[in-house]
Amino acid sequence: ESTDFKSSQRFAQHMGKKSDASSDFARSKSLKQQRQYLPIYAVKEELLNIIRENNIVIVVGETGSGKTTQLAQYLHEDGYSKYGMIGCTQPRRVAAMSVAKRVSEEMNVTLGEEVGYAIRFEDVTSDKTILKYMTDGILLRESLRESDLDGYSCVIMDEAHERSLNTDVLFGLLREVAARRRDLKLIVTSATMDADKFSRFFGNVPMYTIPGRTFPVDVLFSKSVVEDYVEAAVKQALQIHVQARKGDILVFMPGQEDIEVTCETLTERVEELDDVAPLAVLPIYSQLPSDLQAKIFQKAPDGVRKCVVATNIAETSLTVDGIAFVVDPGYCKLKVFNSRIGMDALSVFPVSQANANQRSGRAGRTEAGVAYRLYTLNQYKNEMLISTIPEIQRTNLANVVLLLKSLGVQDLLKFHFMDPPPQDNILNSMYQLWNLGALDNTGALTTCGRTMVEFPLDPPLSKMMIVACDMGCCDEILTIVSMLSVPAIFYRPTGREEESDAKREKFSVPESDHMTLLNVYQQWKANGYSATWCNEHFIHAKAMRKVREVRSQLKEIAEQQKMPLKSAGNDWDAIRKCICAAYFHHAAMLKGIGEYVNLRNGMPCHLHPTSALFGMGFTPDYVVYHELVMTSREYMQSVTAVEGEWLAELGPMFYSVKESAKTRKEKRQATKVKLSQMEEELALADEQIKRRKLE
Ligand code: ADP
Ligand code: MG
C-alpha cells in the first residue's frame, strides 16, 4: 500500500512465502544458533558476574555483538525480572520496535506480552511485560510519574554513544536514581566510543568490553569531490552489483527523500540493464511503516543481492547481517538550534570521522568487506569533525527545560550534565517557554507550563491545545495536532504524480495547511474511516489510523486536564488564531510572489510547492509556519495565513502595530506589523533571567 519501490515489493512477496513455508522448529533452532554465535554469548557468565557485583556497569562492544538483543534476556535469565521490569532505552523509535520484535521471536513469545515496546503514542506492552524496549524519551516521561522508576529492576541505557538529547538528560537523572535505589541495576552500553567518559561520569564504575569479531574492511576514498551524492551513490551501488562478488550492499543517505530517490533510480537502472541479476532494493528510515522495516533483516533468496538504503539508523542501532559493501556519501541530517535566530532547523551536515568509521565497519561483520567513501581523503581529514557534537549542545532545549522544571530541578545551570549545554541554549529555550507563557518572570513553571508538560508534544503544540480550550475549538485543534504528529499523510506514486496531486489539491483550504489537514481528517471520518477512501485519495490509510489513535490519546489527556472539548463550528478564524497563538514565533511576511521573510530575523523563506497556499493566487501578507526545512532553500512547512493584528496581540514581545498613511493602497494594509527590536529584547530577557539567577 505504501511503497513505491517495485522491486522491494516483489521481494517482499517472495520473502513472505518463504518464511511461511519454513517450519517453526527450524526457525527456533536457527534462532538459538544465531544467538549462540554472537560475541556476547562467549562472555555471558563473566558479564553477569560483574553485574551481580556492581550496580552500575558500562558495557562496550562492537555493533552487532549482541548487546541490545541479548543483555536484557540474560538479565531476565539471571532472575532480575522477579523484582521488576528490565527496561532498555533506545534513542531511535525504529530500533525500539524492531529489536523488541526480534527479542520476542528469540524468546518465542507474542510481542506485547512478555516482551514489549513503547514509543510515543504507541504502547505495545501489557501487565505481563518483563522486557520493555522503549525510546529514551518514554523513560524520561515515566520518571515524571515515578521519579525512582520503581517498576524497574534493571535499566539498560543502550546506544549511549549516540548521545541523544534524552539519553543525556537520563544520564543525569539515573545517576541520582541509582544513588537512591541500591537495588537498581544500571547498565550503559556503547559501541566503542566514549566509554571512559561514561565510567567517570557515574563515579569510575567498571567497564566491560565484549571481545569483538570483525573482518578487515578496505576503505576507498573518492578521488575528486562529489557534486551529487545521490547520483554518485547510485552509480557506485550499480557498479558493485554488476562487478563485485557476492555480498549485500548498504548505502547511507541523510534522509527519507534522498532514500526514496536513490531506491527509485537504482531500481530503474537495474531494470534498464540487460543480463543483470536482480537486486532487492530496500529502504529503511524512521517513518517507514514497520512491516516494511522488517524486510531489511530477511535474507534475500539465492542469487538475489540485497541493497539496503538507510539513514544513519543503520550506523549502530540496527545491524543487518551479510553486508559486504558500504557506500557512504558522508552526510547525515541533524537538527541544530541556532541560538542567534532562536530556532531549530533540520539540515544536512557532513558526518564526523567517528560516524564515517562506524559506517565503514558495517562492511566487515561477517566477512572481509569494502567501504566506498564518496568524499576525498582531504575532505575526511579537514572538513569532518572528529566526533559529532552531542545533541544536547546543539538543539532546542525547551522540552528538556520544561521536564526538568517539573521534576523540581530549579536551577538548570547546576544540573549534572555530562556535557553541559551552552548557557545560551538554556537561556534561549527558557525565553521561548516564557514567550509561550510556560515560565513566569522568575523562571518558575506557570499553571500553563504545568499543563503543557502533561502532553507528549513539543511546547508550541501543547500550547495550541491549551489556547484551543480557551477559544472553544479543542475538537478541531486535537485533530490538527494529531495530524502534525504523524508525518507523510499523502503519497505520490511514480507515474501517477498528476493524478495524486489533483486529488490532493481538492482538500486544499487556501489559507491554511493546518486546516487542509483538518479537512482531510474530517472527510475521512465522514467516509466511515475507510481505507478504500484513503487509497482512492492517495492517502496512507495506516498513517490515518495512527492519527486517530494519537487523537484519542491526546483527547484522554485533555479530559484528564478537564479541558472542555468544544468545536469551533463555523468559526474558522478561531482555529487560525489558535495556531497563531502557538506559532507566532515562526512568523513570516510576504515579500515577493511565494517569497516570504521571517519576521524575527529577516531570513528569506519560501512556501513549499506542496503547501495549500502555493499557487492558489492567494498570498496572505502574514503567515505562521510549523517548521523550517532547509533543502535547496529554506522552506516553511505547514503554513497558515494569519492577520497582522493577531501577531501583535498574541506575540507582543516580538511585534507591534504601526498605523500607516491613509492612501487607498496603504489602507488595504492599514495595519502593518513591524519587526520590533527582537535581538535587543532577546538580549534584555537573557539579562533579566541571568540576573534573577544570580539573586
Ligand atoms: P548490538 O546491540 O551489539 O549492536 P544487536 O543485539 O543489535 O547487537 O544484534 C545482534 C544480532 O541480532 C545481529 O546479528 C542482528 O543482525 C540481529 N538482529 C537485531 N535485530 C534484528 C531484527 N529486528 N531482525 C533480525 N535480526 C536482528
Ligand atoms: Mg545495539
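V326 has A371 of strand 16 as its bridge partner. Strand 13 (residues 323-328) and strand 16 (residues 369-373) pair in the parallel sense over four bridges, where pairing requires at least two bridges found by DSSP. Strands (E, at least two residues) and helices (H or I, at least four) are DSSP runs numbered from the N terminus. The model is predicted: local features need pLDDT of at least 70, side-chain atom pairs count only at pLDDT 80 or more, and totals for chains, interfaces and linings use all residues. Residues are numbered from 1 along each chain as its sequence is written, while chains are lettered from A and ligands numbered from 1 in the order in which they are written.

**The sheet and its helices**

- Six strands with parallel pairing make an open sheet, in the order 9-16-13-10-12-11.
- Strand 9 (217-221) and strand 11 (279-284) are the edge strands, each pairing on one side only.
- From one strand to the next, the twist averages 15°; angles run from 0 to 180 degrees between N-to-C directions, with axes fitted to C-alpha atoms, for helices over the stretch in contact.
- Helix 9 (residues 229-243) lies across strand 10 (248-252), strand 11, strand 12 (305-310), strand 13 and strand 16, and runs at about 175° to strand 10.
- Helix 10 (residues 256-272) packs on the sheet and touches strand 10, strand 11 and strand 12, its direction making about 175° with that of strand 11.

**The nonpolar core**

- The largest nonpolar core has 191 residues, of which C307, I477 and C578 touch the most other members. Such a core is a set of buried Ala, Val, Leu, Ile, Met, Phe, Trp, Tyr and Cys residues joined through C-beta atoms within 7 Å.
- Helix 23 (residues 572-583) gives the largest share of this core, eight residues.
- Leaving aside residues up to four places away in sequence, C578 touches M464, V467, A468, M471, C473 and I477; contact means C-beta atoms, placed from the backbone, within 7 Å.

**Ligand 1**

- Around ligand 1 there are 17 residues, and K67, T68, T69, R102 and F297 come nearest (near means a C-beta atom, placed from the backbone, within 6 Å).
- Helix 4 (67-77) and helix 5 (93-106) are the elements that give two or more residues to this shell.
- The shell divides into three nonpolar, 10 polar and four charged residues.

**The whole chain**

- The protein chain has 26 helices and 23 strands.
- Of its 695 residues, 46% count as buried, that is, with 20 or more other C-beta atoms within 10 Å of their own.

Methods. Nonpolar A, V, L, I, M, F, W, Y, C, P; charged D, E, K, R; others polar. Contact = placed C-beta atoms within 7 Å. Buried ≥ 20, exposed ≤ 12 C-beta atoms within 10 Å, placed from the backbone.
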